[in-house]
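Here is a short report on a surface patch and a sheet. Look over the model before reading on.

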Amino acid sequence: MENKRQAGGKRLEQRKYNPWVWLTTLFLGPLAILLCVQTITFASLFKAVGWLFGHLGAGFLCYLALLCAMIIILALIWKIWSAFLILAIPSVTLAVVNRMKESLNGAPLTLSDFALVGEADAVAGFVTPQFRIGMGVWVGLLLAVLGILAAGKIGWRPKELTPRWSLRRKVIGVTAVLLAAVMFLPALFYLGPKGESQAERNERLGLLGGMYSAVLNRAFRKDDYNKEELDKLLEEMGQSPSPQPSEAAAPEPTETPEPVVPNVILMMSESFCDPTVVLPGVEFAADPVPYYHDLASKWPSGEFYSNTYAGGTGSVEMEVFTGIPMAFLREGEDLTNLRGTEGVYDRLPSIVKAFKAAGYDTEFIHNYTTRLYNRSDNLPAVGFDKMTFEDDFPEDAQWDGPYLKDMELTKAMIRAFEEKEEGKPLFLYGLTMENHQPYYGGKFPQSSGLEPSSDKLSESVLGTVDALVYGIHAADEALGALIQYFETQEEPVLVIFWGDHLPGLYVDDNNTIYSLLEYVPTVDTLQWDAQVMKRMHTTPFLVWNNYGAQLEVPDMTGPSALGSHILDWAEVPKPLYFQWVDQSLDTMLLYRTRLYIDDEGVPYKEPPEEDRAVVERYRSLVYDIIYGDGVVAGEMTRTEPNQ
């Protein structure tokens, strides 16, 4: 009987192991992983297969890289299902995270996003509870699970057939050489055209190839810059002193007037927009932003062209402070996580430093934590003397939904003004939070009372709209309270208010509220033309003062331009760098990946030929400051105290 059982066991082992099945499993495993990743990326198996057949070169290179990696892992552990699992888990996880970000923020995962890995729990809190993984993503995950099960079932091999370590080491060595050849020989193919966006890379190379392309671009694509041209630029700027306030436009004074030194109050409002503009076809029982509309009808206001959409607040504020366009940074960096030479943030040009040099106290207040965008380190380096975050607010400060109320921020800004040193002007930047994503019905303890309605939106989607306008309405009230307070003050006060970016209004994998309302033609941002890109990067801005100043305020501006304008409006002496920014405003208002807006507000995907000389000079100057040898950086960014 025992002999029969042993014989049966041997027959079972012989039946299970087939070298051709084993090899087939090995060679199909990487293809299955690639198909899973692309299915999750596109949220569609049909689109994933179409991409593979339409991009055979990119697909084959990615397949070879995965196959080499799988062989190396297999040579180490000699279990094909384990090798499949080790390779599949990070690949599929990357695809899921990328899909979530793309669904919520309209943009794929980038290298700069990995700087937030340590704050993953905070970022996860921005995901709406109603977020659902689409059917296409589930199909991709199911394929991955089936692949793992299949590899475990049919990829079995008897232990006695395990090769010796000497042979396995040779296999690892040869395969590693092949992997290096696959990864580095087609370097130009991976690198792609200069200025290619991450979305375009992912479309051309697939998600895994696109992320690898970003790594290569960061590692190997260094921007050369013309040092002689920068010397010439410095010489030219040295002959153009900082513009002084014009006396020609003012009446002839009988005596020399005392110069006005205003307190400067900035309020950047989270996802602030005009719902009557960005939600066409939605009706409200009352005006969602009455204070803004009233102020904008009486005071200078216009369009602010943000460098981001649906997220990335830290990049907006830093571009306003520094005047550095996002498009001039290295791959995988934004203005909140620069990795240039040591002390890079201390070297950056900054309007905060200019105000500080002009005798201002500089203060930052935010009704949220310190956790995002490295603010605790970066903001002091760009010139802020004092910072206040969520933990510094009074214990009885009121919350609304998941965040502190914007009205609490207004109260904190008023306190900062009242507690400032007597006779010394204040430069104060406040950043709101109450209207931050996620947006979903039930986010706040009560409805907005604005009763949004639309025949294009379901009741559940209208609940999301109600949460959005609740937050926007609260931000509007906070703005109104701020202005009402400063109207009563005798000290001169200049207030600049703007929205950082449009909110991301996810519905599902195939729809956003914008697409349902036909404000955009599709949720696929790669399909947006320059006009749609501009529309989705436009928020309102407003300039107010209580001392009768007749300021020259353009009807459109961008983050690089706004900081320079603020120096003008406050009549603060400008470093040479911001004088250069002024010159560039005759050419460009915004430059970021896939969107360039010229001085007349005309959008392009790339700078037009006639603007490229100025753009490249600007790029060289930024490179010299952040990454280069500092040929002109010190002189261009130097601030001088008031004389």
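## Nonpolar patch

Patches are made of residues with over 30% relative accessible area and no salt bridge; like charges are joined within 9 Å, and nonpolar side chains (Val, Leu, Ile, Met, Phe, Trp, Tyr) within 5 Å. Areas come from the Shrake-Rupley method with a 1.4 Å probe; for residues, only the protein chains shown count as cover. A salt bridge puts a side-chain nitrogen of Lys or Arg within 4 Å of a carboxyl oxygen of Asp or Glu.

Leu 45, Val 49, Phe 53 and Leu 56 make a nonpolar surface patch of about 400 Å². Helix α3 (residues 45-54) gives the most to this patch, three residues. Leu 45 lies in helix α3. Leu 45 is partly exposed at 34% relative accessible area (buried is under 20%, exposed over 50%, partly exposed in between; 1.4 Å probe, protein chains only).

## Basis of the model

The model is predicted: local features need pLDDT of at least 70, side-chain atom pairs count only at pLDDT 80 or more, and totals for chains, interfaces and linings use all residues. Residues are numbered from 1 along each chain as its sequence is written, and side-chain values use heavy atoms, leaving out hydrogens and water.

## Sheet

Helices (H or I, at least four residues) and strands (E, at least two) are DSSP runs, numbered from the N terminus. Strands pair if DSSP finds at least two bridges between them.

Eight strands form an open sheet with mixed pairing, in the order β4-β3-β7-β1-β8-β11-β2-β12. Its edge strands, β4 (386-388) and β12 (556-557), each pair on one side only. Strands β3 (residues 361-366) and β4 run parallel, joined by three bridges. Ile 365 stands opposite Thr 388 in β4.
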